[in-house]
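The following note sets out numbered points on the model displayed below.

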Amino acid sequence: MTIGNRVYLKRRLPEKELVERFSKLPAANVADCMSRVYALSPEIKLMSSPEKRMCGSALTVKARAGDNMMLHQALNMAQEGDIIILSNEGDRSRALMGEIMYKYLADFKKVAGIVIDGPIRDIDVLAHEKCPIYATGTTPGGPFKEGPGEVNTPIAIGGIPVMPGDIVLGDQDGIIIIPKNDAAALIEKAEANAEADSAKVQKASTGSADRSWVDRTLEAKKVEFIDEEFSY
């Protein structure tokens with residue numbers, strides 16, 4: 001086995017029903033139920049114009065900086081409903097995907113989304129497309145196609161670890177990773193959180209929300225209140 005230059009052809013996927021239930025929830029509500037530590041860096045931004053949330057199973061790609069050889073391999077392996085998610089050693093110098101690759105994935109393979117830890121190009125077209133694609137920006141500079149790299153191995157992207165088959169959920173706010181081993185235990189809590197949040201929004205808009213927790217928290221932290229104007 002050649003570590004760093006290998007492709008795993010199989011991965012364990014979450015149940016389709018779970019993915020479907022998570023697809024109905026805002027990423028923020030689910031993230032709040034995971035101690036607020038599973039959101040990708042906001043540097044990875046939504047670049048297209050989807051009509052619905054992105055939600056699917058991770059097909060992970062570990063790429064050498066500025067190289068998309070293993071991304072092309074992932075294109076060959078992608079199944080309907082997958083989310084291609086690629087780490088790129090933090091490189092920002094070369095676009096790893098453009099219109100041709102995007103169209104193959106979105107129109108032919110019918111993936112649920114694409115997440116690139118690096119730039120893309122052909123944004124004049126991709127900005128108006130419906131399949132969600134997230135990236136760090138754009139550049140006309142193209143990639144190398146040499147490798148090495150890996151497919152369906154653990155990666156780190158946006159400060160978060162991702163395992164093959166993890167659930168990737170994204171919306172206008174950004175992306176969160178739902179570990180597949182935790183998904184079944186999380187879904188009911190996340191659904192309840194989203195429902196409660198709707199009630200909180202209504203109370204906030206009418207001014208009927210209970211704000212007393214602020215006073216209690218500041219008192220517990222022994223914050224000093226001074227009834228004077230600050231002066232040097």
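1. Helices (H or I, at least four residues) and strands (E, at least two) are DSSP runs, numbered from the N terminus. The model is predicted: local features need pLDDT of at least 70, side-chain atom pairs count only at pLDDT 80 or more, and totals for chains, interfaces and linings use all residues. Residues are numbered from 1 along each chain as its sequence is written, and side-chain values use heavy atoms, with hydrogens and water left out.

2. Overall description. The protein chain has seven helices and 13 strands, and its C-alpha atoms fill a box of roughly 65 × 50 × 40 Å along the principal axes. Of its 232 residues, 44% are buried (buried means under 20% relative accessible area, exposed over 50%, partly exposed in between; 1.4 Å probe, protein chains only). Among contacts (heavy atoms within 4.5 Å) between residues at least 6 apart in sequence, 78% join residues at least 24 apart.

3. Nonpolar cores. A nonpolar core is a set of buried Ala, Val, Leu, Ile, Met, Phe, Trp, Tyr and Cys residues joined through side-chain atoms within 4.5 Å. The largest has 27 residues, and Leu71, Met97 and Ile116 touch the most other members. At least two residues each come from β3 (54-63), α3 (69-77), β4 (82-87), α4 (99-109), β5 (113-116) and β7 (133-135); α3 gives the most, with five. Beyond its neighbours within four places in sequence, Leu71 is in contact with Val61, Ile84, Leu86, Leu96, Met97, Met101 and Ile116. Another core, of 19 residues, lies apart from this one and includes Leu18, Ala31, Cys33 and Ile178.

4. The faces of α4. Met101, Tyr102, Leu105, Ala106 and Lys109 are the buried residues of α4. Seen down the helix axis, they fall within an arc of 125 degrees, so they line one face of α4; the arc is that of the directions from the helix axis to the C-beta atoms. Ile100 and Phe108, on the other side of α4, are exposed. The cover over the buried residues of α4 includes α3, β4, β5, α5 (123-126) and β7. Just after α4, Lys110 takes a positive phi of about 60 degrees.

5. Packing of α3 against α4. The axes of these two helices, α3 and α4, come within 10 Å and cross at roughly 15 degrees. Axes are lines fitted to C-alpha atoms, for helices over the stretch in contact, and angles run from 0 to 180 degrees between N-to-C directions. The crossing angle makes α3 roughly parallel to α4 (angles under 35 degrees count as roughly parallel, over 145 as roughly antiparallel, 65 to 115 as roughly perpendicular and the rest as oblique). Leu71, His72, Leu75, Asn76 and Met77 of α3 make the contact with Met101, Tyr104, Leu105 and Lys109 of α4.

6. Most residues other than glycine have a negative phi, and most peptide bonds are trans. Ser35, in the loop between α2 (27-32) and β2 (45-46), has a positive phi of about 60 degrees although it is not a glycine. Ser35 is exposed, with a relative accessible area of 60%. Asn152, in the loop between β9 (149-151) and β10 (155-157), likewise has a positive phi, of about 65 degrees, but Asn152 is buried, with a relative accessible area of 6%.

7. Cis peptide. Gly147 and Pro148 are joined by a cis peptide bond, with omega about 0 degrees. Pro148 lies in the loop between β8 (137-138) and β9.
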